[in-house]
Amino acid sequence: MSGNMSNYLENQIQDLVLGDGSFSQPATVYVGLWTATLDDTSDGSTSGEVSGNNYSRVAVTNNSTNWPNASSGEKHNGAAITFPTPSGSWGTVTHVAILDASSAGNILYWIALTASKAINSGDTVSFATSALSIQAN
């Protein structure tokens, strides 16, 4: 699975390097699941995000253990990311987002799943260490 930066984050980084510089690294990021297509223009609205049936975004401390240093323009998760067990259907998940808030907020990165996955009651939804790949392009 490979994903990209959102336009929001690209703009924040450009302003940080040249000019404004008001972006602050979030201490915690949140991983969410989407049943709708995400792209560089997607925002943190919950349109298409899984909801109900025990779903919640997963909080991940934003440090070098959970997000080791990038290499060759690519970054991976450094620890498994596991969602709560669904109490009912979550639909067919097609995308993952990394956001700066537990609800709404801004999408920082989005990742298209290699294969869509129908999530049903009792399923385990987890991304193994290094399963999420983010590219800086």
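Helix α1 (7–17) and strand β7 (107–119) each supply at least two residues of the lining of the largest pocket; helices (H or I, at least four residues) and strands (E, at least two) are DSSP runs, numbered from the N terminus. The model is predicted, so local features need pLDDT of at least 70 and side-chain atom pairs count only at pLDDT 80 or more, while totals for chains, interfaces and linings use all residues. Residues are numbered from 1 along each chain as its sequence is written, and side-chain values use heavy atoms, with hydrogens and water left out.

**The largest pocket**

- The volume of the largest pocket is about 360 Å³; a volume is the space filled by probe spheres set on grid points, which are joined across faces, edges and corners.
- Of the 15 residues lining this pocket, Q25, P26, N62, K75 and Y109 are the closest to its centre.
- On a 1 Å grid over the protein atoms alone, a pocket is an open set of points where a 1.4 Å probe fits, with protein on both sides within 12 Å along at least five of seven lines, and lining residues have an atom within 4 Å of a point.
- The lining comprises ten nonpolar, four polar and one charged residues. Nonpolar covers Ala, Val, Leu, Ile, Met, Phe, Trp, Tyr, Cys and Pro, charged covers Asp, Glu, Lys and Arg, and the others, Gly among them, are polar.

**The chain as a whole**

- Along the principal axes, the C-alpha atoms fill a box of roughly 50 × 25 × 25 Å.
- Buried residues make up 36% of the 137 residues; buried means under 20% relative accessible area, exposed over 50%, and partly exposed in between (1.4 Å probe, protein chains only).
- Among contacts (heavy atoms within 4.5 Å) with a separation of 6 or more, 73% join residues 24 or more positions apart.
- The chain exposes about 6,800 Å², of which carbon and sulfur atoms supply 47%; accessible areas come from the Shrake-Rupley method with a 1.4 Å probe.

**Residue T94**

- T94 lies in strand β6 and is buried, with a relative accessible area of 17%.
- T94 and T37 are 57 residues apart along the chain, yet their C-alpha atoms are separated by 6.8 Å.
- Leaving aside neighbours within four places in sequence, T94 is in contact with W34, T35, A36, T37, I111, A112, L113 and S116.

**Loop residues**

- P84 belongs to the loop between β5 (81–82) and β6 (91–99) and is partly exposed at 26% relative accessibility.
- Not counting residues up to four places away in sequence, P84 touches N54, S56, V58 and W90.
- S72, in the loop between β3 (58–61) and β4 (74–76), is exposed at 81% relative accessibility. Although S72 is not a glycine, its phi is positive, at about 55°.
- S130, in the loop between β8 (126–127) and β9 (133–135), is partly exposed with a relative accessible area of 43%. Its phi is near 70°, a positive value in a residue other than glycine.
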